[in-house]
Amino acid sequence: MPIHVYSGLLLFGTVIATVLMGVTEKLFFVLKHPSYHSFPPEGVFTNTLGLLILVFGALIFWIVTRPQWKRPREPGSVPLQLNGGNAECRMEGAIAISSAHSMDAADPADAESSSEGAARKRTLGLADSGQRSTM
């Protein structure tokens with residue numbers, strides 16, 4: 001997960017830099033009379049826009065790197081391991097399940113179908129979790 005977050009931040013940072021360079025380049029090529037150095041209204045507007053984009057990017061960087069802004073775990077979810085772990089929490093290819101779907105259903109048909117589904121999930125291997133051929 002940290003690699004995903006920081007690679008996303010790298011991509012977001014390059015997008016912010018590209019936007020700022022593009023706006024500045026457009027302003028330099030468009031402003032001939034009056035020149036950019038005399039602070040025309042278009043230049044002031046573009047500089048203000050650039051500062052707002054920069055502040056927005058910095059705010060996003062700050063929010064994403066703070067642990068208190070992480071999404072909390074759902075109540076009743078059980079984290080599962082891809083390989084290893086104890087027998088009751090071992091399920092290949094899954095990340096978390098909710099304990100709201102308990103195995104003690106009132107209807108026997110529901111209990112049978114849920115136990116069959118649970119048995120299938122326990123025996124699902126990594127090779128079976130990929131795409132299957134339609135032939």
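Reader: What should I know about the model and the numbering before we start?

Author: It's a predicted model, where local features need pLDDT of at least 70, side-chain atom pairs count only at pLDDT 80 or more, and totals for chains, interfaces and linings use all residues. Residues are numbered from 1 along each chain as its sequence is written, and side-chain values use heavy atoms, with hydrogens and water left out.

Reader: What makes up the secondary structure of the protein chain?

Author: Three helices and two strands, running α-α-β-β-α from the N terminus on. Helices are DSSP runs of H or I with at least four residues, strands are runs of E with at least two, and both are numbered from the N terminus.

Reader: Why is Thr-46 called buried?

Author: Buried means under 20% relative accessible area, exposed means over 50%, and partly exposed is in between (1.4 Å probe, protein chains only). Thr-46 has 14% relative accessibility, so it counts as buried. Thr-46 sits in helix H2, residues 41–65. Across the protein chain, 12% of the 135 residues count as buried.

Reader: What does Thr-46 touch, leaving out residues up to four places away in sequence?

Author: Val-23 and Leu-27. Contact here means heavy atoms within 4.5 Å.

Reader: Which residues of H1 and H2 are buried, and what do they pack against?

Author: In H1, they're Leu-9, Ile-16 and Leu-27, and the buried residues of H1 pack against H2. In H2, they're Gly-43, Thr-46, Gly-50, Ile-53 and Gly-57, and the buried residues of H2 pack against H1.

Reader: How do you know that the span of H1 is close to the expected one?

Author: The expected span is 1.5 Å times one less than the number of residues. H1 has 29 residues and reaches 42 Å from its first C-alpha to its last, close to the 42 Å expected. For H2, with 25 residues, the reach is 36 Å, close to the 36 Å expected.

Reader: Why are Phe-61 and Val-15 called partly exposed, but Phe-39 exposed?

Author: Phe-61 has a relative accessible area of 32%, so it is partly exposed. Val-15, at 43%, is therefore partly exposed too. Phe-39 comes in at 63%, so it is exposed. Phe-39 lies in the loop between H1 and H2 and has a positive phi of about 55° although it is not a glycine.

Reader: How far is Phe-61 from Gly-13?

Author: They're 48 residues apart in sequence and 8.5 Å apart in space, C-alpha to C-alpha. Phe-61, in helix H2, touches Leu-9, Phe-12 and Gly-13, not counting residues up to four places away in sequence.

Reader: What makes the nonpolar surface patch?

Author: Leu-11, Val-15 and Val-19 make the patch, of about 240 Å². Patch residues have over 30% relative accessible area and no salt bridge; like charges are joined within 9 Å, nonpolar side chains (Val, Leu, Ile, Met, Phe, Trp, Tyr) within 5 Å. A salt bridge is a side-chain nitrogen of Lys or Arg within 4 Å of a carboxyl oxygen of Asp or Glu. Accessible areas come from the Shrake-Rupley method with a 1.4 Å probe; for residues, only the protein chains shown count as cover.
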